[in-house]
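Keep the viewer open and follow along.

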Amino acid sequence: MTVKSFRVVLFVWIVLLLGSSVGLAQRPRPLPLPEPQTDGGKPLMQALKERKSSRAFSGEKLSTQTLSNMLWAAFGVNRPDSGKRTAPSAVNWREIDIYVAMEEGLFLYDAEAHTLVPVVAQDLRALTGVQPFVKDAPVNLVYVGDFSKVEEVSDEDRIFFCAADAGFIGQNVYLFCASEGLATVVRAMIKKPELAKAMNLRPDQEIVLAQTVGYPRK
Ligand SMILES: Cc1cc2nc3c(=O)[nH]c(=O)nc-3n(C[C@H](O)[C@H](O)[C@H](O)COP(=O)(O)O)c2cc1C
């Protein structure tokens, strides 16, 4: 190897090393979730009586156990033999991904592994809506339709199926929150273009709804 080619190889190696360490620094750490507690909670009829939208949140964080239980209730796997979920989805496409925006960063809920996968290391809560409470509440769920999973339907139907399927997930979260004494509100008012960019979404991913969750402000 000549001195010149050695310098080139060294330069490329340093660039790659710097690039990968910058990338690592920008990624939040994976957040392992404990096993969801799938028994207990209020009886269904009582949870329905208490279901409501609330827009006053305290800054108190959710424990990882509560996060785990909520995500399982939202769209977790409730029949491991088939991988089917706590909410229905058209054609069993399971095309709605739940992103979780917290102070620590943005995570993607992997229902099969029941884990939070890091996506972006920044706090994107403020971008998830136009209402002032979104930036202070501990959790904002963002329901994203993966159009690549919704095959052979018109654009109109694709949007319809994603909206319907996200709605079922949102109601699961409402009922979980009613059962646990948590405050929540599902939201369509979202800064979609800015948020999609910050979340690094692909063109075939569409933000459908967001849902803020936290403890009620006293
Ligand atoms: C599709 C949809 C979009 C909504 N978007 C917002 C929103 O952007 N901001 C908000 O504060 N509430 C939003 N809501 C909550 C409604 O305002 C709320 O459900 C309604 O006022 C009835 O109140 P309740 O949920 O307590 O019964 C939305 C609800 C739905 C179903």
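## A covered strand and its partners

Strand β4 (96-102) is mostly covered, with six of its seven residues buried. A residue is buried if 20 or more other C-beta atoms lie within 10 Å of its own, exposed if 12 or fewer, and partly exposed in between, with C-beta atoms placed from the backbone. Helices (H or I, at least four residues) and strands (E, at least two) are DSSP runs, numbered from the N terminus. Please bear in mind that this is a predicted model: local features need pLDDT of at least 70, side-chain atom pairs count only at pLDDT 80 or more, and totals for chains, interfaces and linings use all residues. Residues are numbered from 1 along each chain as its sequence is written.

Which strands pair with β4? Strands β4 and β5 run antiparallel and are joined by four bridges, while β4 and β7 pair in the antiparallel sense over six bridges. Two strands count as paired if DSSP finds at least two bridges between them. On the β7 side, I96 has G145 as its bridge partner. On the β5 side, A101 stands opposite L106, and M102 is bridged to G105.

## Two hairpins

β4 and β5 make a hairpin that has two residues between them. β5 also pairs with strand β6 (residues 115-120), in the antiparallel sense and over five bridges. There, F107 finds its bridge partner in P118 of β6. The hairpin of β5 and β6 has four residues between the strands, and H114 takes a positive phi near 45° in it.

## Helix α3

How does the span of helix α3 (residues 64-75) agree with its 12 residues? The expected span is 1.5 Å times one less than the number of residues. For α3 that should be 16 Å, and its end C-alpha atoms are 16 Å apart, which agrees.

Nine of the 12 residues of α3 are buried, so the helix is largely enclosed by the rest of the structure. Among the buried ones are L67, M70, L71, W72 and F75. The buried residues of α3 pack against β3 (84-85), β4, β5 (105-110), α4 (155-180) and β9 (205-214). Contact here is defined by C-beta atoms, placed from the backbone, that lie within 7 Å.

## The nonpolar core

A nonpolar core is a set of buried Ala, Val, Leu, Ile, Met, Phe, Trp, Tyr and Cys residues joined through C-beta atoms within 7 Å. The largest one has 52 residues, of which I98, Y99, V100, Y143 and V173 touch the most other members. At least two residues of this core come from each of α3, β4, β5, β6, β7 (139-146), α4 and β9. The most come from α4, which gives nine.

Leaving out residues up to four places away in sequence, I98 touches L71, A74, F75, Y109, L141, Y143 and I169.

## Around the ligand

The residues around the ligand are K52, S53, R55, Q131, V185, V186, R187, A188 and M189; a residue is near a molecule if its C-beta atom, placed from the backbone, lies within 6 Å of it. This shell has four nonpolar, two polar and three charged residues. Ala, Val, Leu, Ile, Met, Phe, Trp, Tyr, Cys and Pro count as nonpolar, Asp, Glu, Lys and Arg as charged, and the others, Gly among them, as polar.

## The whole chain

The chain has five helices and nine strands. Of its 218 residues, 36% are buried.

Technical notes. Two residues are in contact if their C-beta atoms, placed from the backbone, lie within 7 Å.
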